[in-house]
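Please look over the model shown here, with attention to its metal site and to one pair of packed helices. A short briefing follows.

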Amino acid sequence: MSAPFSDFASLAALHRELEEQFLQHQDALLDLDLSLAAERLERYEAALRLHLEAEEALLLPVFSRAERIRGASPELFTGEHQRLLEFLARFRSELRALEPGSPGLKRGVLRLLDAETTFKHLSHHHELREETYFFPALDRVTDAAERRELLAAFTARVTR
Ligand SMILES: [Fe+2]
Ligand SMILES: [Fe+2]
C-alpha cells in the first residue's frame, strides 16, 4: 500500500492498485483458472467495498462543503458506487455458473470478459471524475491538520 498520503490528490494511487487487482483476476480468467479467478475477484470486491465505503463515510461529507460541480455531485458518485457493486455481484454468479472443462467454457469466459469491459469503462470514468474534481476539491476545502487526520482515517479504513 502506497501510504502515507500527503494530500487527497495522491489517493489516485489507490485507484491504480485496485485496477491492478482486477487485472489479476482477468489474468486468471484468461488462463481458465476459475477458482483463482473467483478468489481474486472476491479479494478485489472486498478491497473495492472498503474504498467505496470509506469515501462515502469520510470524504463525501467533506466534499459537500465545496461548491457544486456539474458532473461530480456526491449523489452521482454514490450512484456509481452502487452500480459498480451490482456489476460485481453479477460477475460473481456468472463465474460460479462456469464449469471447468466443459465444451462451452471458452465462450462463457469471453462473455464474462465482455461484461467486465463495460465495468472497467464505468470504473475508469468514475475514478477519473474523482481524480479531476473530488480529490482536488477535498484538498481545497481542508486545512493541513484536517487533511492529515482525514487521510489517516481513510488509510486505516481501506487497509484493515
Ligand atoms: Fe468512488
Ligand atoms: Fe475512489
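Predicted model: local features only at pLDDT ≥ 70, side-chain atom pairs only at ≥ 80, totals over all residues.

**Metal site and helix packing**

Residues are numbered from 1 along each chain as its sequence is written, chains are lettered from A and ligands numbered from 1 in the order in which they are written, and side-chain values use heavy atoms, leaving out hydrogens and water.

- His15 (NE2), His51 (NE2), Glu55 (OE) and Glu130 (OE) coordinate the iron ion (ligand 2) at 1.9 to 2.2 Å, where donors are N, O and S atoms within 2.8 Å of the metal (3.2 Å for Na, K and Ca).
- Glu55 coordinates both the iron ion (ligand 2) and the iron ion (ligand 1), which are 3.3 Å apart.
- Because His15 lies in helix α1 and Glu55 in helix α2 (residues 34-63), the pair ties together parts that are 40 residues apart in sequence.
- Both His15 and Glu55 are buried, that is, under 20% relative accessible area with a 1.4 Å probe.

**Helix packing**

- The axes of helix α1 (residues 12-30) and helix α4 (residues 105-141) cross at roughly 175° and come within 11 Å, which means that α1 is roughly antiparallel to α4 (an angle over 145 degrees).
- The contact (heavy atoms within 4.5 Å) includes His15 of α1 and Glu130 of α4.

How values were computed
Axes fitted to C-alpha atoms, helices over the stretch in contact; angles between N-to-C directions. Helix = DSSP H or I, 4+ residues; strand = E, 2+ residues; numbered from the N terminus. Parallel < 35°, antiparallel > 145°, perpendicular 65-115°, else oblique. Buried < 20%, exposed > 50% of the residue type's maximum accessible area, 1.4 Å probe, protein only.
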